[in-house]
Amino acid sequence: MKPIIDHIQITVKDLKIAEPFYDKLLPVLGFDLNHKSKGNVAKHEFEVVEYFHPLLIFGINSPREAFKNDAIHRRKPGTLHHLAFKAQSQAEVDTVYLQIKSIGAEIIEAPKFFLQHGKNYYALFFKDPEGIKYEIVHEDRK
């Protein structure tokens, strides 16, 4: 097996807030909104919005009613700490940074080298409107 991720589903607090943001973010990351679908999974009590790319399906889900008022915190056991997308170059990180900034993402760290992760680790960090953390990274792994 190769360690390739097929799809990711992230539970958000409010699809009405999250969907417009992800409609702006995911095209920046290479997704085509013509390949977006919405559905309801009654058995598991959630609505889903999925964005399809040949390399990855990215989905956002509504929370269960019992959890809808819970605070999002990336340090809770079983939660996503952050999700990193790989850029092809430092220049691409810089370009994506400007696009992400323009759609209203909360920038945590503008593009720079993060030496604590390696001498060639160049990244930016941001959050969606509900506080879910993301990263765009380029690392020359020679």
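**Entry 1: helix H2**

I began with helix H2 (residues 90–102): at 1.5 Å a residue, its 13 residues should span 18 Å, and the end C-alpha atoms are 19 Å apart, which agrees. The expected span is 1.5 Å times one less than the number of residues. I took helices (H or I, at least four residues) and strands (E, at least two) as DSSP runs, numbered from the N terminus.

I note that this is a predicted model, in which local features need pLDDT of at least 70 and side-chain atom pairs count only at pLDDT 80 or more, while totals for chains, interfaces and linings use all residues. Residues are numbered from 1 along each chain as its sequence is written, and side-chain values use heavy atoms, with hydrogens and water left out.

I then looked up which residues of H2 are buried, and found Val93, Val96, Tyr97 and Ile100. Buried means under 20% relative accessible area, exposed over 50%, and partly exposed in between (1.4 Å probe, protein chains only). Seen down the axis of H2, the buried residues fall within an arc of 115°, so they line one face of the helix. The arc is taken from the directions from the helix axis to the C-beta atoms. On the face of H2 turned away from the buried side I found the exposed residues Leu98 and Ser102.

I checked what covers the buried residues of H2: the list includes H1, strand E6 (106–113), strand E7 (121–127) and strand E8 (133–139). Contact here means heavy atoms within 4.5 Å. Just after H2, I noted glycine 104, with a positive phi of about 95°.

**Entry 2: the four-stranded sheet**

I traced an open sheet of four strands in the order E1-E4-E3-E2, with mixed pairing. Its edge strands are E1 (7–11) and E2 (36–41), each of which pairs on one side only. From one strand to the next the twist averages 20°. Its axes are lines fitted to C-alpha atoms, for helices over the stretch in contact, and angles run from 0 to 180 degrees between N-to-C directions. Two strands pair if DSSP finds at least two bridges between them.

I went through the pairs in turn. E1 and strand E4 (residues 56–61) pair in the parallel sense over five bridges. Within this pair, histidine 7 has isoleucine 57 of E4 as its bridge partner, and isoleucine 10 has isoleucine 60.

E3 and E4 run antiparallel and are joined by six bridges. Tyrosine 51 has phenylalanine 58 in E4 as its bridge partner.

I found serine 37 opposite glutamate 50 in E3. E2 and E3 form a hairpin with four residues between them, and glutamate 45 in the turn has a positive phi of about 55°.

**Entry 3: glutamate 19**

Is glutamate 19 buried or exposed? I found it in helix H1 (residues 15–28), and at 13% relative accessibility it counts as buried.

I looked up its polar contacts (pairs of N or O atoms within 3.5 Å; within protein, one must be able to donate a hydrogen and the other to accept it, and residues adjacent in sequence count only if both atoms are side-chain atoms). The side chain of glutamate 19 has one of 2.6 Å to the side chain of lysine 36 and one of 3.0 Å to that of lysine 38. Not counting residues up to four places away in sequence, glutamate 19 touches Lys36, Lys38, Val49, Tyr51 and Ile60.
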